[in-house]
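Please look through the sequence and the model below before reading the notes that follow. They begin with the chain as a whole and then turn to its parts.

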Amino acid sequence: YNEYKSYLRMTELERLMPAAYSRLLQLQQLVDAYGKGDETAMSQIIGLQDQLAGDCERLDILVRKEPSHKRHNSKYRYDQLVHETRDLSQTLVRYRNRRDQRVREEEERNELLNRQFTANSNEDTILALDGAISFNEKASASNQGIDAMLDTGHSVLRTLREQRSTLTSIKGRMSSLISTLGLSKTVMKLVERRSAHDQYLFYIGCIVTLLVMFILLYFM
């Protein structure tokens with residue numbers, strides 16, 4: 001009964017935020033299962049994605065209505081939820097691309113193995129078959145290398161976003177402390193420079209990752 005009374009006293013934001021994170025955890029598990037070959041997880045993934053999209057829309061409205069002394073923390077948790085949801089969507093896209101690639105490779109392999117050969121063109125056909133198989137193996141290896149680079153770049157960008165969110169939180173707290181203690185603006189300028197520096201590193205990392213991917217795709 002006491003727990004029920006506590007639940008009634010909770011605001012809609014306080015009830016919806018944990019529920020959204022719970023759905024996010026379920027989505028993470030389903031995406032991992034799909035990446036390991038569980039095709040049946042896709043229907044549940046689509047349903048959870050729709051629910052999370054609705055949660056994020058509602059939370060965006062509720063966060064804006066929060067009192068000023070609670071809004072900063074709520075906004076931080078909301079931003080983390082949105083970032084992690086987008087990360088999972090990108091991971092799902094990569095898994096689906098890999099699956100489609102494997103299906104195409106299997107279809108091409110079966111087509112080559114089941115092709116009817118004529119007696120007069122056996123030698124030419126065998127050479128063409130060897131070349132096609134070799135090209136297919138190289139393309140598969142290149143695709144795996146690019147996927148590995150994408151995963152690495154994705155992890156780096158996610159880490160940079162988390163650091164940026166942390167610095168933003170620290171900046172807000174320092175602003176409150178500075179206004180209370182009457183400290184000089186020099187400390188704030190140092191924090192802003194660090195934040196700007198990290199933002200530049202984030203953009204540079206994006207550009208370098210794209211350049212490396214472009215070079216690999218161009219020369220392979």
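Two residues are in contact when heavy atoms of theirs lie within 4.5 Å, and among contacts in the protein chain between residues at least 6 apart in sequence, 71% join residues at least 24 apart. This is a predicted model, in which local features need pLDDT of at least 70 and side-chain atom pairs count only at pLDDT 80 or more, while totals for chains, interfaces and linings use all residues. Residues are numbered from 1 along each chain as its sequence is written, and side-chain values use heavy atoms, with hydrogens and water left out.

**The whole chain**
- The protein chain has 6 helices and 0 strands, where helices (H or I, at least four residues) and strands (E, at least two) are DSSP runs numbered from the N terminus.

- After helix 2 comes Gly-37, which has a positive phi, near 110°.
- Helix 3 (residues 41-64) has buried residues that include Ile-45, Asp-55 and Leu-59, and its buried residues pack against helix 2 (12-35) and helix 4 (68-113).

**The nonpolar core**
- A nonpolar core is a set of buried Ala, Val, Leu, Ile, Met, Phe, Trp, Tyr and Cys residues joined through side-chain atoms within 4.5 Å.
- In the largest nonpolar core, which has 23 residues, Leu-27, Ile-45, Leu-59, Tyr-78 and Leu-81 touch the most other members, and the elements giving two or more residues to this core are helix 2, helix 3 and helix 4.
- If neighbours within four places in sequence are left aside, the contacts of Leu-59 are Leu-13, Leu-16, Met-17, Ala-20, Tyr-78 and Leu-81.

**Helix 6**
- Val-212 lies in helix 6 (residues 186-219), and this residue counts as partly exposed because its relative accessible area is 32%.

Note on methods:
Buried < 20%, exposed > 50% of the residue type's maximum accessible area, 1.4 Å probe, protein only.
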